[in-house]
Amino acid sequence: MLRLSLIFLCTIPFCLSASSKDGNIGPRLSNGKLYKFSYMTEVHLDRAKGSAQGSAGYRISSSVDLNLVWRNPSSKDDQLIKIAMSDIRIENVTPRPEKSNVFLGSTAASILGKENLADLQKPFILHWNFGKVKNLYTYHSEHAVIKNIKRGLASLLQLQLTSGKVEEVDVSGKCMIDYQARQNQVTRIKAVDSCKTAETGFTSHSKVLGVSSKSSSTTEFILQDGFIKSALSEERHTLSLNTRQAIAARIVSRQKLELVKTESGPQESAGKDVGSIIKSLDPKYVSISLASEKIKMECKGCPSLWNHWQAIHKDFEPESLSKAPASRSFLSLIQTLRKSRKEEILKVLRSTSHSALPQVVDAVTSAQTPASLEAILQFLNFSDPEGLVLQERFLYACGFASHPNEKMLKALMDIWNGKIGSSDIKESVIIIMGALVRKLCQKGGCELPTVVQVKKLILEGPESTEVEAEVQMYLLALKNALLPEAIPLLTQFSESAAGPISTIAITALQRYDASLITDEVKKALNRIYHQNRKVYEKVVRAAAADVIFSSNPTYIEVQNLLLSIGSLPNEMNKYMVSKVQDILHFEMPASKAVRQVMRNTIAHNYDRLSKTGSSSAYSGYMARGSDTTSTYSLDILYSGSGILRRSNMNIYALSKDTQLHASQVVIEAQGLESLIAATPDEGEEDLESFAGMSALLFDVQLRPVTFFKGYSDLMSKMFTATGDPINVVKGLILLIDHSQVIQLQSGLKASVEFQGGLAIDISGGMEFSLWYRESKTSVNNRGALFVMGNVTVDMDFVKAGVEVSFETEATLDFITTVKFSEYPFLVCMQMDKASFPFREYMTKYESIQSGKRFVSRRGRRDQIPGSELPLHQENSNMCKKVFTDDSDW
């Protein structure tokens, strides 16, 4: 009985593989045996919900021979294994008709080339210790793709026969692996997200504009007689755009190694030293890492930058910018620019038409390569005041950069320290440097030398000058940078500075996370609102109230805000009532505190909440979906005479628990009461006539635009006005920019590119009719968007890929009409979203080195109906009165 028990135990592979040294377990090959396997690796590419039958991709299959070359006499689990691939075939992963089958009639030799095929069939040596690959030996002259395929096969042989989590290196890099061992079976689960490789990509600075991925990798081993009988690996990657999950692609990679038979083979070599054994096998063998090798791909048949530009240049003319092809051509130009030399880029810049040049500057700057940055800096002359348009387009493109680096920031610092011909450009340089500081700090670069230098400049700037315009530009830079250490400085300027400066400082504080708004900051804001120390303009007080409401206010703070209603100027009373109602209906952070306070009839009564006026605050949803929610808010504050003081329109996008301030357009006016012989409000008697517009776009504050400043400028503009809106932002923006390389365990590489290009035109204006006693303000938003996600597995000799994309063109207009011929004056606000097209496409493609190519393209088109976005009912009633007696001026 004892004898039978011992025989039974020793038939278990674990017993056969036990190490006499320390009890560890490792798989072993038998001496004098040749193990003949069949091997297959394939990759499928498709949209996330596509079926395997319709995917693009290819399969590599071969026979594989393994035999033991050497075993360490002192450790039988320390082995050298010779591996040789033969009978190599490359074919479709899905059946296709003959006319669509690019592999039909091709052989591995015609696809790879005879030399590369010979290299792939050359044997390579694996140093295998307890099932782990210590080294791989092959030939230095082999193509990187050939080496990576061998690395993929070698990685499939890596395993351990005991359960546990370990960190190990395979072709994917250094990864965390979870081994789960059962009798004659081992499961290897790789935490793909933990893999560290030398190839790094980049992504958009905002998570809302980013890409999400889900990955898994599992290998199942079946063991027989202490060695591998079969190994089946499956790896999956799904990548999707956060703002629209339907724009998604899936990669499925499989490997299968299966023992066909064993037969007599070579005897192992004698010796104690691995190096001498390898040298005796072939002195040309070199040791290479199991981690993959970077492949330098050359684009075969791709047009030069010049030829590409010639083919698409018409899409960059101003009249084409509101169309989706402009955004599509913008992205394709960026991709070509990223592969181009400085001299090629300069040639295009110098030969482009005057009308298309601003759009080319957008593209060159957005490419964000050393060559493109050097080219644009050489092309632009910042000492020339006539070059303002191109210089500002360059600066804005820097501000919107998806992955800026210290070199870009240093370039702007050099411009700042040099001669600048325009004061507007000087303002834009410092404002955009603030935006770059924020993005670099978000990526852990806050201590970079240039970042430290710029932080010092913008933190010391506001107190280093007494010129109001200079103070404002430094504060706008801090508004972009959002440095925690700037909060005390912003608080100081909020309370002590004049109206416009105070407003900028307060709105900068509003952009910070509520957790950073301390009790000291809120005390200062409460003093401003309640005018404890001095009288402030309504715009400043309203801005202070907005920050208090959005910063987790206490019961007492909310109570004091509500109790102030009734003692404020008429229009501010109405604004605060509307603000409170908006907080209650739209469920904001302050909603709970407001509800608690309104249980008290002293704060909540008809007299307090029935104040009349035209000022308002309203928030609503533009779109609500499982991927993204888009909201808008519109706050308007009037003077007591019926003239607009401040209009603030915001659009936010929320996705993945992250908020993106997509746009903010603010129109401000002051000192216009003399036009209609009206009396200014308290604290605003001596304000200079002024009207201007400020825009924040995708979390980047831009340089404000002035309509007029001073009474004489106002009169001049009124008598020469054409009625055309003034442009605030116009250009092409690289909105989404994600690039990564996924190293598959098979040794193949998947290149992932998600990009989104936006052609945008934001303009605004103010019109007055003294005869009809009417005014109109307008904010016009025009945009064309193209977004694509492309996944390619390019072996240099064989290429397969899938591209998913969508495009649209949209318009959003905000118009406010005021009739101040009577009091209370009539105000009608309209937010119109025009009908717009939506087109979605999916393309699959395969090609081989000979030029044979397969492309499949499918798409669908929809027309999304337009609508007028809802505001409060009171506005609807007012609009009916305004347009009953339309003056048509």
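Does Arg-89 count as buried, partly exposed or exposed? At a relative accessibility of 34%, Arg-89 counts as partly exposed.

**Overall build**

The model is predicted. The protein contains 26 helices and 27 strands, and its C-alpha atoms fill a box of roughly 110 × 70 × 50 Å along the principal axes. Of its 889 residues, 57% count as buried. The accessible surface comes to about 37600 Å², and carbon and sulfur atoms account for 51% of that area. Where contacts join residues at least 6 apart in sequence, 68% of them are between residues at least 24 apart.

**Charged side chains and salt bridges**

There are 102 positive and 96 negative side chains in the protein, and the centres of the two sets lie 9 Å apart. Side chains of opposite charge can pair when their charged atoms come close. The structure holds 48 salt bridges.

One of these joins Asp-87 to Arg-89, with 2.8 Å between the closest N and O atoms. Asp-87 has a relative accessible area of 46% and is therefore partly exposed.

A second salt bridge is formed by the side chains of Glu-220 and Arg-182, at 3.9 Å from N to O. This pair links distant parts of the chain, since Glu-220 belongs to strand S9 (residues 211-224) and Arg-182 to strand S7 (residues 173-182), 38 residues apart. Glu-220 is partly exposed at 30% relative accessibility, and Arg-182 is also partly exposed, with a relative accessible area of 36%.

Arg-533 lies in the loop between helix H19 (519-530) and helix H20 (538-549), while Glu-495 lies in helix H17 (residues 487-496), so the pair ties together parts that are 38 residues apart in sequence. Arg-533 counts as exposed at 61% relative accessibility, whereas Glu-495 is buried, with a relative accessible area of 13%.

Salt bridges that share partners also build a network, which joins Glu-42, Arg-59, Glu-91, Glu-234, Arg-236 and Arg-254.

**Cysteines and disulfides**

A disulfide is a covalent bond between the sulfur atoms of two cysteines. The structure holds three disulfides, listed here with their sulfur distances and the torsions about their S-S bonds.

| Disulfide | S to S distance | S-S torsion |
|---|---|---|
| Cys-175 and Cys-195 | 2.1 Å | 120 degrees, right-handed |
| Cys-441 and Cys-446 | 2.0 Å | about 85 degrees, right-handed |
| Cys-828 and Cys-879 | 2.0 Å | 95 degrees, right-handed |

The disulfide of Cys-175 and Cys-195 connects strand S7 with strand S8 (residues 185-196), so it ties together parts that are 20 residues apart in sequence. Cys-175 counts as buried, at 1% relative accessibility. By contrast, Cys-446 is partly exposed, at 22% relative accessibility.

Cys-398 counts as buried, at 0% relative accessibility.

Definitions and conventions:
Residues numbered from 1 in each chain as written. Predicted model: local features only at pLDDT ≥ 70, side-chain atom pairs only at ≥ 80, totals over all residues. Heavy atoms only, no water. Helix = DSSP H or I, 4+ residues; strand = E, 2+ residues; numbered from the N terminus. Buried < 20%, exposed > 50% of the residue type's maximum accessible area, 1.4 Å probe, protein only. Contact = heavy atoms within 4.5 Å. Areas by Shrake-Rupley, 256 points an atom, 1.4 Å probe, with all protein chains shown as cover. Lys, Arg positive; Asp, Glu negative; His and termini not counted. Charge placed at Lys NZ, Arg CZ, Asp CG, Glu CD. Salt bridge = Lys/Arg side-chain N within 4 Å of Asp/Glu carboxyl O. Disulfide = S-S within 2.5 Å.
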